[in-house]
Amino acid sequence: MTDPSAPTPSLLRHPGLVAAIGARALSSFAGQVQAVAVGWQIYALTHSAAALGFVGLAQFLPMMACIFPAGHAADQYNRQRIVVICQSIAMLAAALMAYASFTHQLSAGMIYGLVAIFGACKAFEMPAQQTFLPSIVPPALFPRATALSSSLFQAASIAGPSLGGLLYGLGAGVCYSLCGVSFAIAALATWSMVMTRPVRPRQKATLAAIFGGIAFLRRKPTMLGAISLDLFAVLLGGATAMLPMFATDILHAGPWGLGLLRAAPAVGALLVAAILARHPLGHHAGRWMFASVAVFGVATILFGLSRSIGASVLMLAILGGADVISVMVRGALVQLGTPDEMRGRVSAVNMLFIGSSNQLGEFESGMLAAVMGPVAAVVLGGIGTLVITGVWMGLFPGLRKLDRLEDITTDTL
């Protein structure tokens, strides 16, 4: 660990930083509340593990279809405007879900359709949003700014599931109404941001331009290794889709138990992110990343084997804390190692590999659980994560040898 030379509050003097991290946290908060409500409601309607998996698939398919055009758009047009439009559409979709819930018209099919709209919005929102921090803070402060943003993001991720589980007792419509208000405030915060807008060369929407992020990553094996490592870790270790089943059938808890389980990874992530905001990773960042993914796999296995709500919450908290380290290393590689005119497209590939793998991992876990049961599915996923970690250490020696995050530039990778 390094001893930070500047206190964290100095970050807040950078114009636009508070609005940027606040909007991201509010959007995350709304997504977490929605995830609890949708998961509980779809399971109550269908009592099917496969249905929980289909929620993930409904988000993944539009993200898969839109992500590369979204990355190209982020490199060609006003990124703030793109994010505001996406958050506004999400607000309207949440309002529609609330109305349909209050009037008892919300069916499983409608849930899948509206979740697909959220997936399409995320496909355009995230590549643009992920480029904000490098345009607001200098590279020397980027790791600390990322940790500060992650701290607020995780705090929202704790409050979201907790409130979602509590408010679901008043009805799903209450949860979706809160989502709509949160998306609206996030859109206003994004619109108010102050940030530099460097002139970027315009490119026609050719196949080479749209898929330019993939070509760029092929020339950057260290960055590709970090993104793909998280892809397989999240894909194989995705236990979150099974939380409604664990809460109901294995741990015998109600909506409060589901909210507690969903909040646990964020609690662990918040604690680790708060530490990293004050004491960023120093040397051997690559080794820290591999170690964190291995811990993620072990915690996944132990969660799957647990029959105690306390032990399950602890394992999920450890899992969440380990994930923050991996996310921080990957974020520094992607944002600091990519020129501004390519950040949208590279962030799009990053989101496809990581963000979409959350939904695809939910689908994979749901299908596997339907065949062999939730416990076997989760344990097998954790074992797969450990295997991938060992293989990737051999395939990507540059990532294993990565040292200080602050020294990453477009020329050092």
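R345 counts as buried, at 4% relative accessibility. Buried means under 20% relative accessible area, exposed over 50%, and partly exposed in between, with a 1.4 Å probe and protein chains only. The model is predicted: local features need pLDDT of at least 70, side-chain atom pairs count only at pLDDT 80 or more, and totals for chains, interfaces and linings use all residues. Residues are numbered from 1 along each chain as its sequence is written, and side-chain values use heavy atoms, without hydrogens and water.

**Salt bridges**

The structure holds 3 salt bridges. A salt bridge is a side-chain nitrogen of Lys or Arg within 4 Å of a carboxyl oxygen of Asp or Glu.

| Pair | N to O distance |
|---|---|
| D75 and R345 | 2.8 Å |
| R79 and D75 | 2.9 Å |
| K122 and E125 | 3.6 Å |

D75, R79 and R345 are linked in a network of these bridges. D75 is buried at 1% relative accessibility. D75 sits in helix α2 (residues 49-76) and R345 in helix α15 (residues 343-353), so this pair ties together parts that are 270 residues apart in sequence. R79 is also buried, at 6% relative accessible area. Helices here are DSSP runs (H or I, at least four residues), numbered from the N terminus.

K122 and E125 are 3 residues apart in helix α4 (residues 108-129), so about one helical turn separates them. K122 is partly exposed at 25%, but E125 is buried at 2%.

**Cores and helix α14**

The largest nonpolar core has 66 residues. Such a core is a set of buried Ala, Val, Leu, Ile, Met, Phe, Trp, Tyr and Cys residues joined through side-chain atoms within 4.5 Å. Among the residues with the most contacts inside this core are I136, M223 and L405. Helix α14 (residues 309-336) gives the most to this core, with 8 residues. Another core lies apart from it, with 61 residues, including F29 and M315.

In α14, 21 of its 28 residues are buried.

**A buried serine**

S149 lies in helix α6 (residues 142-168). S149 is buried, with a relative accessible area of 5%. The side chains of S149 and R24 are joined by a polar contact of 3.1 Å. A polar contact is a pair of N or O atoms within 3.5 Å; within protein, one must be able to donate a hydrogen and the other to accept it, and residues adjacent in sequence count only if both atoms are side-chain atoms.

Key:
Helix = DSSP H or I, 4+ residues; strand = E, 2+ residues; numbered from the N terminus.
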